[in-house]
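Reader: I would like to learn how to read a model feature by feature. Could you take me through one?

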Amino acid sequence: MIKPEVTSFFHEDSNTVGHLVHAPGDRRCAIIDAALDYDQAAGRTGTTFADSIVAEVEARGLAVDWILETHAHADHLSAAPYLKQRLGGQIGIGRHITDVQALFKDLFHVEKTFNTDGSQFDRLFEDGARFAIGNVEARVLHTPGHTPACVTYVIGDAAFVGDTLFMPDGGTARADFPGGDAATLYRSIEKILALPPETRLFICHDYGPGGRAIAWETTVAEQRARNIHVHEGVPEPEFVKMRTERDKTLSVPTLLLPSIQVNMRAGELPPPEDNGVSYIKIPLNRI
Ligand SMILES: [Fe+2]
């Protein structure tokens, strides 16, 4: 089993963790879930965080094959197009991003020419798809529930689970976004926890519950033993009840509206209007 080298980058503004992954001794790499900086008050994007990933790739002489998203994030804008422009590589996401595009096209009343066929991305992964990062094979598991398009990338002994699981003391992500579903999330988690127990799991968000230091790496065995929401022995109905009740208490993520508008376009900003400026829309009384 190949044990890829993983370097992780913590985006403090959104508590997101991006990952740079490559096989030992192999210069071909993938970047997973990289965030773009966004100052909502000013409506200004920034690349300070993405540039730290670019610097690492360049310093180590790596070549980017893939820029991957585990899902259309609702709490940060994707830096995928910026990274592609700087470093090359193809942007990939799960095939069901088309469902997310169909759900949000109407809400944002986007331009008539917006396609909901996922063509903004370079590659749409089916469940079970396989692709290469240099000499290591990656496998895609469709793991919906948090969103309909969530996928997990299994690369050697490492799995990048997006928001399907948090660290064991953080539990699981919400399942109340449009197209989300708690029972579906439970079944997706079962798929991940059926991987070999020593599988390293890299997660996409951490909030340091109880004041502990930020962390992003755990294992299947640790999750089965200690995940506060889905440790071994928690039946599906109990999880669904907990998740549904908890989701009712959560507020809308601060950057939900800008994030979805941009991320459903593979991270591109909405097309500029005839004055050359791109705008983010706020649908009133719809969320
Ligand atoms: Fe998410």
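Reader: What should I know before I start?

Author: This is a predicted model: local features need pLDDT of at least 70, side-chain atom pairs count only at pLDDT 80 or more, and totals for chains, interfaces and linings use all residues. Residues are numbered from 1 along each chain as its sequence is written, and side-chain values use heavy atoms, with hydrogens and water left out.

Reader: Start with the metal. Which residues are the protein donors of the iron ion?

Author: First, the term. Donors are N, O and S atoms within 2.8 Å of the metal (3.2 Å for Na, K and Ca); water is not among the atoms, so sites may look incomplete. Here the protein donors are H71 (NE2), H146 (NE2) and D163 (OD). They lie 2.0 to 2.4 Å from the iron ion.

Reader: What spacing do the donors follow along the chain?

Author: The pattern is H-x74-H-x16-D. H71 and H146 link distant parts of the chain, 75 residues apart. H71 sits in the loop between strand 6 (63-68) and strand 7 (77-78). H146 sits in the loop between strand 11 (136-142) and strand 12 (151-155). Helices (H or I, at least four residues) and strands (E, at least two) are DSSP runs, numbered from the N terminus.

Reader: Is H71 buried or exposed?

Author: Buried means under 20% relative accessible area, exposed over 50%, partly exposed in between (1.4 Å probe, protein chains only). H71 has a relative accessible area of 1%, so it is buried. H146 counts as buried too, at 4%.

Reader: Now helix packing. At what angle do helix 4 and helix 6 pack?

Author: Axes are lines fitted to C-alpha atoms, for helices over the stretch in contact, and angles run from 0 to 180 degrees between N-to-C directions. Helix 4 (residues 182-193) and helix 6 (residues 236-248) pack at about 125°, with axes 9 Å apart. Angles under 35 degrees count as roughly parallel, over 145 as roughly antiparallel, 65 to 115 as roughly perpendicular and the rest as oblique. Helix 4 and helix 6 are therefore oblique to each other.

Reader: Which residues make the contact?

Author: Contact means heavy atoms within 4.5 Å. Helix 4 contributes A182, A183, L185, Y186 and R187. Helix 6 contributes E236, F239, V240, R243 and T244.

Reader: Which residues of helix 3 are buried?

Author: In helix 3 (residues 97-107), they are I97, T98, V100, Q101, F104 and L107. They pack against strand 8 (90-94), strand 9 (123-125) and helix 7 (256-263).

Reader: And which are buried in helix 2?

Author: In helix 2 (residues 80-87), A80, P81, Y82, L83 and L87 are buried. Their packing partners include helix 1 (48-59) and strand 3 (28-32).

Reader: What follows each of these helices?

Author: Look at phi. Helix 3 is followed by H109, with a positive phi near 45°. H109 is a residue other than glycine. It lies in the loop between helix 3 and strand 9, and counts as exposed at 58% relative accessibility. Helix 2 is followed by G88, with a positive phi near 80°.

Reader: Where is N15?

Author: N15 is in the loop between strand 1 and strand 2. Its phi is positive, about 55°, although N15 is not a glycine. N15 counts as buried, at 18% relative accessibility. D13 is found in the loop between strand 1 (5-11) and strand 2 (16-22). D13 counts as exposed, at 64%.
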